Amino acid sequence: MGRATSATLLGTALMLTALPPAAHAGARPTTPLVQPGDKSSGGPGQSEECDADPSSCHGSNRLYQYIYSLGIHPFTSPHDVREQLTGNFWLFPVRGACPTRIRPKDECELLGGNPVLVEAIGYDHLQIATLPGHALGDGLHIRFTFTRGLGFQYLIVTAWQNKPTACTEKTACNMASRVGAWALWRVLAETLAVSAYLA
């Protein structure tokens, strides 16, 4: 099965389901950093605060946090890897009708006609949000953060939502989402593990 076919299948699984809590092999789950009832739950007007302090916007609506190793890249900074992804967005496994180079506030459609907004691009991270018309509903935020330790590069994918969706409230949908989301971002991590050598 080719890479394009795998990405399409995984993208379809993600689009048909919402993204569940991290309790899946290969990912390290974390607990919400904000107590339930805190107003920092990550609404559309909070992107600046989230950009400055990502932990403040997850609230009790955090869905998951997955951590993937990109391998040993001692001479490549997290900024280099982020810049390579946002400057060559065709590396994204469900790119769809998005431009090759993305910028903050860009709106585009991922695979399957799912609209997203590029909420923020920082030194070491990219953050997108789903818009009305997306298969998962609007108000889902996904942040891709790159970090390095002892020469190893890592991709940390954190997702949270403005409010629970019909899917996140159903056990079967959550189980399917768990597999789809983890596997999809693993495809991205494996792609970046190779492309990071060129960053």
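Let's start with Gln-65. This residue is buried, with a relative accessible area of 15%. Buried means under 20%, so Gln-65 qualifies. Keep in mind that this is a predicted model.

Where does Gln-65 sit? Gln-65 is found in strand S1, which covers residues 62-72. What does its side chain touch? The side chain of Gln-65 makes a polar contact with the side chain of Thr-158, at 2.9 Å.

Now to the rings. How many aromatic pairs are there? The count comes to six, for ring centres within 6.5 Å.

Take Tyr-66 and Tyr-68. Their ring centres are 6.3 Å apart, and their planes meet at 80°. Planes over 60 degrees apart count as edge-to-face. So the pair of Tyr-66 and Tyr-68 is edge-to-face. Are these two buried or exposed? Tyr-66 is buried, at 0% relative accessible area. Tyr-68 also counts as buried, at 6%.

Next pair: Phe-144 and Trp-185. This pair is edge-to-face too, with 5.0 Å from centre to centre and 80° between the planes. Which parts does the pair tie together? Phe-144 lies in strand S5, residues 140-149. Trp-185 lies in helix H4, residues 171-195. So the pair ties together parts that are 41 residues apart in sequence. Both Phe-144 and Trp-185 are buried.

To recap: Gln-65 contacts Thr-158 through side chains, Tyr-66 pairs with Tyr-68, and Phe-144 pairs with Trp-185.

Technical notes:
Residues numbered from 1 in each chain as written. Predicted model: local features only at pLDDT ≥ 70, side-chain atom pairs only at ≥ 80, totals over all residues. Heavy atoms only, no water. Phe/Tyr/Trp six-rings, centres within 6.5 Å; stacked < 30°, edge-to-face > 60°. Buried < 20%, exposed > 50% of the residue type's maximum accessible area, 1.4 Å probe, protein only. Helix = DSSP H or I, 4+ residues; strand = E, 2+ residues; numbered from the N terminus. Polar contact = N/O pair within 3.5 Å; in protein donor to acceptor, adjacent residues only side chain to side chain.
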